[in-house]
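Subject: Structure handover

Hi,

Here is the structure I promised. Please load it first, then read my notes below.

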Amino acid sequence: MKHVRKGISLSLILILAVMAMLTGCSSSDTSGKADGKWAGKKIKVQMIGDFKDKTATDPITGKKVKGIDVLKEEFEKQHPGATVDFILMPWEGYTEKTQAMITSNEADVYQMPGLADFAPQGVLEPLQPYIDKDKEMDLDKFIDSQVDGWKVLGKDDDKLQIYGLPFLGDARFIAYDKKLFDDWGVDYLSDHPTMKEVAEKAKQMTGKNPKTGKQNYGIWFRGDWSSAFTLIDLAEGQNGKWGEGFAWKDVKFNFNSPEMKKGLDWLLDMKNYAPKGLVSNQGQEKWLTKDNNVAIMMNQGPGDTIKPTYAQGLEDRIGIAQEFKNKDGKGGLFAGSPLAIAKSSKNKDLAWEWIKFATDEFAQKYVFEEVGAIPAIKAAETWKSTKEMPLMQPVFEAMSSPWTPRYPWGSSQPRFTLTSEVEAALTGKRTAQQALDKAQRESTAWVKNRK
Amino acid sequence: MANNSIELNVRMEVEKVRSKRKDWGLKWYVFLIPSFLGILLFMVYPIFESLRLSFYQSNGTVEHYIGLANFKSVLTSNSFWNAVWNTFFIGIFQIIITIPLGFIFASIINSTKRGQNFFKVLYFLPNVTSIVAAAMIFAFVLHPEMGIVNYVLHAIGLPTPGWLSDPSTSKWAVIILAVWHWVGFVIIICLANLQAIPSEMYEAAKIDGASGLQQWFFITIPNMAGTFAFLLITGWIGALQRFNEVYVLGGPNGSPARSIQTMGAFIYERGFTGFEFGIASAATYIMFILILVFTFINLKVSKMKI
C-alpha cells in the first residue's frame, strides 16, 4: 500500500514537472477572433522605442500620451476578426533582441533598423510582390528617398530589393543656437552651409561671450560613436563618397580618399573650437538648455532635438541647417526604422495589412503626436501638428536628401574601424592620413574575408 | 534460537530503512530536474553551441564551415591583442591597488573600537551599487571640464587630464571606478578573516614585546594568505571578464581609439553589432583559455588548495 502511495506521489510530481515544462515551451496561440473577414487571424508586432502599452505621462513634456492600444483598437476595427498583439522593446540592445526573436519565430512584423543585416539571413519576406498586387499601397506616399534608403539585398538577390517600408523617419542635420549667434553678432547659418561657412562661424563664436562673459564654443560633434558618419558626410559635401557596392563581394572602400583626408583635417581643426570631451561624448551637456554654451551642433537627429526643444520652450532659439550635400543634393546618414515581415509568419497577409495601416495617416499621426517620433510620409508635412512646429520642415527636407541606399557597413566592422581611427586622429595618436590609411587597410582586409 | 530471531529482526529493520532511504533518495532527484534543465539549456548547450560556431562563418542563421579560420583571424587581429592588453592592464592595476588598500582599510576598521558596522556599511555600499549606474556617474565625476575630480585637481594647482576623452588616461578612469567598486568587497572579506585570527596569538606577541606593526607583519599578514589568494583568483577572473563598465564608458569599441576595449567588449562588438558570431565565439574560447591559464598560474603562485 505504501509503495502504491509513493508511486502515486512520484507520478504526480513528474506530471506536474512535465506540465510546467510543456506550459513554458508551448507555442503561442495563432488564432484570433471567430467572426469577420479576418476571423481567426492573429499577428504579433514587435516595436522599438518609446511606445507605451497604455496611456502614460511623457517624462520630457509632462503631457499624457496615449498608449499603443489606440493602434490596436483602430486596426482591429478596420480588420474585423483580426487580433494584433505587441511586443514592445527599448532601443537598448535592440539588434541582439531582434536576432533572438527572429531566430525563435517570435513575431510576424518587425520594426527593423538593421534590415541590411537581417535580409541576407533569408528570414524576411520580400515586399515587392505585395506592393505589386495591392492597389492601396502607393510608394509615392513616403517622403522622397525613404523607400530607396531601405532597399537591401536578400539571401539570393543580385540587386537591391524592398524588404521593409519606412515606419519611423529619421535624419541628420546641423542644429544651432540663434541666441549665441546674436550675442556674437554672427549671421545665422544658411540653409545649406558649406564646410567653410561652418568653420568660419564656429571660429568667430569661440571664447568669452561678449554679452554674458561666459566661455562659449563654436562647434561640437560627437567624436566617438557617430564620428565615422560625420566624416563620411564631410566627404560627400566635397562630392566624395565612402566607396561603392552593397553586397560584401562588391564592396570597395574609399576611406583614404583626398575628400576623406580633407574632411578629417577639418574635424581636427574644428576640435580646437569645441569643448574638451567630444571624444567621450562630453562637453555638450548644456545644449538645449537656456545656459547653452555651444553654437553649432553637427550631425544631430530629430529625436534628440525637436521634442526637447519645444518641451524646453527653446523653439525661437534653435535653428536647423542641412548637412553637407554633394552636387546632386545628396549627403548624410540615412536612418530610421522600417517595418518588415518575417518569413516564418503564418499570417503574412494580415502582417502586410499591418504595414499598410502603420504607414497610413492614422498610425503615422499617432507616432508623431503621441510618441514624439518622426513620421515617414509626405502627408505629415501638411498636418496641423507639424505646422505648429516649424522646426519639422527642415527635418522633412533632411529626410528627403540623405545618402541612399543606407551604408551597407553602417553596423559592421568597417564602421567601428573607421570610428576608432577618427578617434585616434582626434586624440593625436595618429595623423589624419595614417588613421585613414589604417581604416582603409583593415576594412578592405575585413571585407575580403567576408567574400 | 532467540538470538537468531533478534538478528533476523534487526536485519529486516535495516533492510526496511535502506529501501526507504533509496526511495526517498530517488524522489529528491525529481526536484533537481528544473535547475538541472536550466543549467543544461542555458549553460551547457551555449558552451557547446559556441564551440561549434567558432568553426563557422555565421551571421546568426546563414553559416558555412571554415575550420580554424576564425581562430586565425582573432589571433592575428591587432584589435584583439589590444583588447587583451587593455583587459590585463586594467585588471592588474585594479588588483594590485585594491587588495592592499582594502586590507589596510579592513585592518584600520578592525582596530577601531566604535562604529565598525558603520564603516563596514559605508565601504561596502559601492559594491552593492549597479556597476552600470556607477559608470554613468563616474563619467560625470571624471568630466574633463565639469567633473569634480578635475575641479579639485585644478584647485590644488595640478594638471587636469582629459580622463575618458584621452586614450592615455582613459584606462586609469576605468581603474579608479573598478577600485572604488571592488574595495568594499575586499574590506568585508579581509575583515572576516581578521576577526577569525585567534586573539591569543596577539596576546602572546605582546608578552614577547612585539610592537603593533610587528604584530601586523608577522601575525596578521601570514594569517591572511588564504584570503589574499581567494581575492587574487576571484579578482582575476572578474577582471578578465570585464565588460559592463567599459561598455557604458566607451561603447562596444572601447572609445577613445579602442583604449578601454576589453576582451568582453571585443566579443560583443563582433558578435552583436557586427553579426560575426563565428569570430565572437572563437574569441570567447580564446578568452576562456586565457582565464584558465592565468587562474592556474594564480593557484600555483598563491599556493591555494582547491
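One term before the details: two strands count as paired if DSSP finds at least two bridges between them. Note also that this is a predicted model.

**The sheet**

Strand β11 (residues 215-220) and strand β14 (residues 294-300), both of chain A, are joined by three bridges. The two strands run parallel. On the residue level, W220(A) sits opposite M297(A) of β14(A).

These two strands belong to an open sheet of five in chain A. The order is β10-β11-β14-β9-β15, and the pairing is mixed.

**Domains of chain A**

Domain 1 of chain A brings 14 residues to the contact, and domain 2 of chain A brings 17 residues. On the domain 1 side, ten of the residues are nonpolar, two are polar and two are charged.

**The cores**

Which residues touch the most other members of the largest nonpolar core? They are V109(A), I219(A), W354(A) and V395(A), in a core of 123 residues. Why does this core lie between domain 1 and domain 2 of chain A? Because both domains give residues to it.

V109(A) deserves a look. Leaving aside neighbours within four places in sequence, its contacts are I43(A), V45(A), Q46(A), L339(A), I341(A), A351(A), W354(A) and I355(A). Another core lies apart from the largest one. This other core has 53 residues, including A135(B), W163(B), A265(B) and F266(B).

**Chain A against chain B**

The contact takes 37 residues from chain A and 30 residues from chain B. On the chain A side, α1 (2-25), α3 (94-103) and α16 (413-426) each supply at least two residues. The largest share of that side comes from α16(A), with six residues. By class, the chain A side has twelve nonpolar, 16 polar and nine charged residues.

Best wishes

Key. Residues are numbered from 1 along each chain as its sequence is written. Chains are lettered from A and ligands numbered from 1 in the order in which they are written. This is a predicted model: local features need pLDDT of at least 70, side-chain atom pairs count only at pLDDT 80 or more; totals for chains, interfaces and linings use all residues. Helices (H or I, at least four residues) and strands (E, at least two) are DSSP runs, numbered from the N terminus. A nonpolar core is a set of buried Ala, Val, Leu, Ile, Met, Phe, Trp, Tyr and Cys residues joined through C-beta atoms within 7 Å. A residue is buried if 20 or more other C-beta atoms lie within 10 Å of its own, exposed if 12 or fewer, and partly exposed in between; C-beta atoms are placed from the backbone. Domain bounds come from an automatic or database domain assignment. Two residues are in contact if their C-beta atoms, placed from the backbone, lie within 7 Å. Ala, Val, Leu, Ile, Met, Phe, Trp, Tyr, Cys and Pro count as nonpolar, Asp, Glu, Lys and Arg as charged, and the others, Gly among them, as polar.
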